[in-house]
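Visitor: Could you walk me through a couple of spots in this one?
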Amino acid sequence: TKGVNGLDKVILREASGVSAEVYLYGAHVTSWKNENREELLFVSSKAIFKPPKPIRGGIPICFPQFSNHGILEAHGFARNRVWKVDPESQPSPANSVNKSYVDLLLKPSEDDLKIWSHIFEFRLRVTLGPGGDLMLTSRVRNTDTKPFTFSFAYHTYFSVSDISEVRVEGLETLDYLDNTKGRERFTEQGDAITFEGEIDKIYLSTPTKIAILDHERKRTFVIRKDGLPDAVVWNPWDKKAKALADFGDDEYKHMLCVEPAAIEKPITLKPGEEWRGRQELSAVPSSYCSGQ
Ligand code: TA6
């Protein structure tokens, strides 16, 4: 199917009404809807769907570098390359549990090798479960003759009713780096994380489960992750929002990035080795959640 500006996209849909959309540009998930067709991800109304600008919102893939933690362009180049549908993708056997998924593949071009001289195969599977869970599994394989090292994040933008009413559980008491304050290490004090201003933190060695509680919408996002020890939490707030050309001035109120990542300890792969990193998202009505 064609998306904005004629860019190719794949739509995943289940009988229950849940759906997801993935652009081949960036292997970028731009939509994830529940059975009531409510959008669960934030995409800016100012998002530019035009290479080389990455899409503002959804789930950008940060690879082979998170942010400015290295010499490459911010967040690496995977998010602004056109991926292919993986020709080796196995169609699901007829008797397997009904799941819709798409397998995408990125290999470096000649030009990519000039900026990052490592040969790799990056396979991303995006799976939509029948109940609406969204799973992203990344497999990076070193197909080169020398080792390489990378950092990584699923830069997931969640849609929230009002950032001031949102809490994040699972990161309390953890150590973090604060992107707004250099490379010093801090420790989070006390309770669940709430928001009253700009936040740009990398929480270190986080648990495999993190929850975003949106009281107003009576919705809880549950993030489960594997192979991704860190978790970035980002909201630009008003001042930084104004500085972003592809982001509405007031949109910060309605988004929160919580990003499963491997940053503090970058991943090193020897020739032939493969790394896997997975995030699984579910959105559940809060009344079903314990503790409320
Ligand atoms: O993940 C947080 C972050 O690295 C912030 O520092 C921030 O600027 C954001 O990502 C967005 O980056 P981008 O390059 O997409 O504008």
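Predicted model: local features only at pLDDT ≥ 70, side-chain atom pairs only at ≥ 80, totals over all residues.

Visitor: Where is Val85 placed?
Guide: Val85 lies in strand β5, residues 84–85, where strands are DSSP runs of E with at least two residues, numbered from the N terminus.

Visitor: Buried or exposed, or something in between?
Guide: Val85 is partly exposed, because 13 other C-beta atoms lie within 10 Å; the term buried needs 20 or more such atoms within 10 Å, exposed means 12 or fewer, and partly exposed is in between, with C-beta atoms placed from the backbone.

Visitor: What is Val85 in contact with, beyond its neighbours within four places in sequence?
Guide: Those contacts are Val102, Asp103 and Leu104, a contact being two C-beta atoms, placed from the backbone, within 7 Å.

Visitor: Switching topic, why is β15 largely enclosed?
Guide: Strand β15, residues 209–214, is largely enclosed by the rest of the structure because five of its six residues are buried.

Visitor: Which strands does β15 pair with?
Guide: β15 pairs in the antiparallel sense with β11 (residues 166–169) over four bridges, and with β16 (residues 219–226), also antiparallel, over six bridges; pairing requires at least two DSSP bridges between the strands.

Visitor: And what about the turn between β15 and β16?
Guide: The two strands form a hairpin with four residues between them, and Lys218 in the turn has a positive phi of about 55°, while Asp214 stands opposite Arg219 in β16.

Definitions and conventions: Residues numbered from 1 in each chain as written.
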